Structures are given as structure tokens and as C-alpha cells.
Amino acid sequence: GKTVTRTGVVFVPARQSSRLPALAEQKPRKLFLTSETRKARGRSVRGVIFIRDRSHKKRQKMRAELPSVLVVGGGRVGTYVACKFKGAGTTGEVVLKGSPADRGVSKMQPFVDAMCRDAGVTFVRGYERFANRVFDFTFVSVKTYDLANVRAELDAHNITSGITILVHNGIVAPLFENSVRVVIPQSYDFVEEDDPRDATKKVTKIHVKNEEKPWVMPDTGDARKVELLLEASGIKGKADPTFPYGLIRKFFINGVANLLSIVGDCDCDGLLAKHRGRMEVLYSEFIEVLKHPHADAFALVPDDFHAVVFDGLASYGQHFPSTKMDFDAGRALETDSLNGYVVGQAKRQGMAAMENEKLVNEVLNLVAERDARKK
């Protein structure tokens with residue numbers, strides 16, 4: 001299953017990628033460098049290249065060749081991936097860019113600081129140190145209303161990337177060249193646990209719900225490079241020809257739950273127990289409004305799609321949707337890329353999406369009331 005040459009190169013086929021984190025921890029250490037395709041038994045095999053770490057001088061040279069990663073967005077997902085990338089030993093420099101200092105400090109910042117310190121991730125609030133840099137990968141995990149600001153900040157500092165990985169809720173027009181949109185089925189929460197090495201201390205971790213499910217992305221050359229990076233870092237990933245379906249599936253789950261959880265003031269279990277009827281109406285409007293703009297996705301929708309959506313929501317249990325947590329924290333919301341997107345698509349087609357429009361207006365009124373109380 002692997003080829004070892006005299007120079008210490010190890011080739012691991014992608015189908016065995018579950019072994020990559022373990023390989024990266026072996027001694028002498030093997031470090032992820034790049035991906036390539038080799039011929040094996042008359043067919044192409046895509047895999048990952050490792051090189052043995054045999055000396056300090058070689059170690060320095062190899063570290064310079066490891067892929068550099070900029071992660072934009074110091075929330076749960078951004079912190080998780082930055083620490084996974086760095087902790088696996090399969091990347092070089094990993095920089096986590098949090099919110100600008102003028103936005104204040106989140107109550108979660110101590111957790112972010114602790115995780116970055118333990119993993120060796122560089123946490124920053126501005127790009128001044130990295131002006132004119134080219135990163136191999138830029139991972140953007142911000143709210144959709146911040147995407148344009150992210151692009152403007154990167155352009156202002158002349159920071160570019162070989163591949164930009166986008167993780168966000170909802171659907172928006174693309175803003176980045178060479179980008180790969182990724183759909184993730186997980187939820188993430190900061191937790192403190194007892195340190196197994198010292199019972200008197202605590203360690204900070206991120207609890208991941210549905211961690212066994214892969215991150216899904218389009219089946220493109222760039223996406224396959226992202227898939228290898230994720231797998232090498234211990235994150236399941238899949239460049240999938242059925243990605244349009246995965247995107248619309250995730251949109252439906254977010255759409256019936258995220259904004260409604262604010263109005264209902266409840267978690268996913270509470271939505272299913274108390275607001276199922278309203279979610280059914282939202283779902284029906286999604287079907288009618290989106291089936292033509294997203295015909296490629298609807299061509300892949302299974303017969304039991306209704307069950308897929310509501311069973312998918314049920315898998316989150318007592319988790320509060322991220323939009324509900326944003327509302328409770330006093331932050332802006334992604335209304336335009338969620339149910340607002342459905343309202344916009346309906347208007348473009350001369351259709352009505354009355355329940356979606358009503359929900360958006362209810363949420364906007366609640367935001368206005370919340371913000372008025374802060375003054």
C-alpha cells in the first residue's frame with residue numbers, strides 16, 4: 001500500500017488517507033508535502049507524499065515547503081480547522097485571523113487563545129504582518145454578510161491564495177477566484193474538560209456533532225487538493241460530483257431551522273416538537289421556488305428528500321443553530337443568504353413565498369427590538 005524510496009519518500013494512496021494522521025505522528029516524523037498521481041497496476045492512483053524527517057537542516061527545508069494556510073474567522077469552525085491543520089503536522093505556517101480589535105473581544109476568546117497556543121497556531125486581528133503574502137490555502141469561515149469585507153481586506157493588503165476554501169451558511173454569489181465551496185454537516189461547541197495529564201487542570205476542546213460525516217465539495221481539481229489537505233489533517237472530506245445536491249440539502253436544513261429558532265427561542269429538538277407545522281410550510285415554499293434556479297441539484301434529489309431534511313435536523317438534537325447563537329450574542333444575522341434568498345428568488349420568478357417573507361420580517365423586528373434595548 002505504500003512505496004518507500006532511498007530518499008525517504010513515502011507515497012500513500014488517497015484511499016488509505018485515514019492512515020495519514022497516524023503516519024504524521026510516527027518517528028522519525030513524516031510530513032505532508034504535496035499530492036500527486038502515480039501509476040499502479042496500469043491505472044492512476046492519487047495520493048499524498050510524505051518525506052522522512054532525518055535532520056534539523058532537512059526539517060527546516062521541509063517545513064518551508066509545507067503548505068501555508070490562512071484561516072479567516074476566529075469562531076468555532078475557524079478555530080477548529082486551524083488547530084487541526086497545525087496539530088496534524090501536515091502544514092507549515094497556520095495563521096488564524098479573528099475579528100478586528102474595534103469589534104471588541106468575544107467571551108469565547110479565552111477558548112480560542114488556549115487552543116491556538118496548544119496547537120502552535122498564530123492568532124492575529126489584523127493583516128499588517130502578512131501584507132503581500134501568498135498562502136497556499138485560505139480558509140474563509142465568516143458570516144455571509146462579512147464576505148465582501150473579507151475580500152476587501154485581503155485586497156487592501158495584497159494577500160492572495162492558491163485556493164480559497166469557503167464555509168458558510170446559505171447561498172451567495174461567488175466573490176473569490178479559485179474558490180471551493182464546502183458544505184459541512186457538523187456543529188461545533190467550545191467545551192472545557194479535565195486534563196487527562198493533570199486532574200487539577202482543564203483543557204479546552206471543540207465538541208463536534210456529526211464528526212463522522214464528510215465535508216462535501218464539488219468534484220474539481222482544486223477541490224481534490226482541498227480533500228487531500230482535509231484528510232491529511234484528520235477531517236473527513238469528499239470531492240463529490242453530487243455536490244449541488246449536498247448544497248441544497250444543507251440549505252433546506254438551515255432554512256427550516258435557523259431563523260425560526262430565533263422566533264421560537266428553542267433548539268433543534270424544540271423546533272421539531274413545537275414548530276413542525278410552520279417548518280413544513282417553509283419546506284413547501286423552498287421546493288416551489290428553488291426547483292428551477294437549482295435544477296441541477298433537484299435532478300439529484302432522492303424520493304425521500306423530505307425525510308432526509310427533517311432527519312438531518314433531528315440529528316442536531318439539543319444544539320442551537322448558529323444563527324440563534326448569533327442573535328443571542330447581539331451579532332448581525334445572515335437573513336439574506338437564508339430565507340431572504342428564497343424571498344429574492346421568488347420575486348425574480350414572479351412568485352410568492354409568503355411564509356419565508358413573514359419569517360424574515362419577524363426576525364428583523366426582533367433584531368431591531370434587541371438592538372434598541374442595548375442603547
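1. Start with Cys-116: in this predicted model, Cys-116 has 2% relative accessibility, so it counts as buried. Cys-83 falls on that side of the cut-off too, with 11% relative accessibility, and is likewise buried.

2. A search of the whole structure turns up zero disulfides.

3. Now for a helix pair. Helix α7 covers residues 243–264 and helix α11 covers residues 305–314; their axes come within 9 Å and cross at roughly 60°. The two helices are therefore oblique to each other, and their crossing is right-handed.

4. Which residues of α7 and α11 make the contact? On the α7 side, look for Tyr-245, Ile-248, Arg-249, Phe-252, Ile-253, Val-256 and Ala-257. On the α11 side, the list is Phe-305, Val-308, Val-309, Gly-312 and Leu-313.

5. As for the make-up of that α7–α11 contact, sorting by class gives ten nonpolar residues, one polar and one charged. The charged class includes Arg, and Arg-249 of α7 is among the contact residues. Gly counts as polar here, and Gly-312 sits on the α11 side of the contact.

Terms used:
Residues numbered from 1 in each chain as written. Predicted model: local features only at pLDDT ≥ 70, side-chain atom pairs only at ≥ 80, totals over all residues. Heavy atoms only, no water. Disulfide = S-S within 2.5 Å. Buried < 20%, exposed > 50% of the residue type's maximum accessible area, 1.4 Å probe, protein only. Axes fitted to C-alpha atoms, helices over the stretch in contact; angles between N-to-C directions. Helix = DSSP H or I, 4+ residues; strand = E, 2+ residues; numbered from the N terminus. Parallel < 35°, antiparallel > 145°, perpendicular 65-115°, else oblique. Left-handed = near helix turned anticlockwise from the far one by under 90°. Contact = heavy atoms within 4.5 Å.
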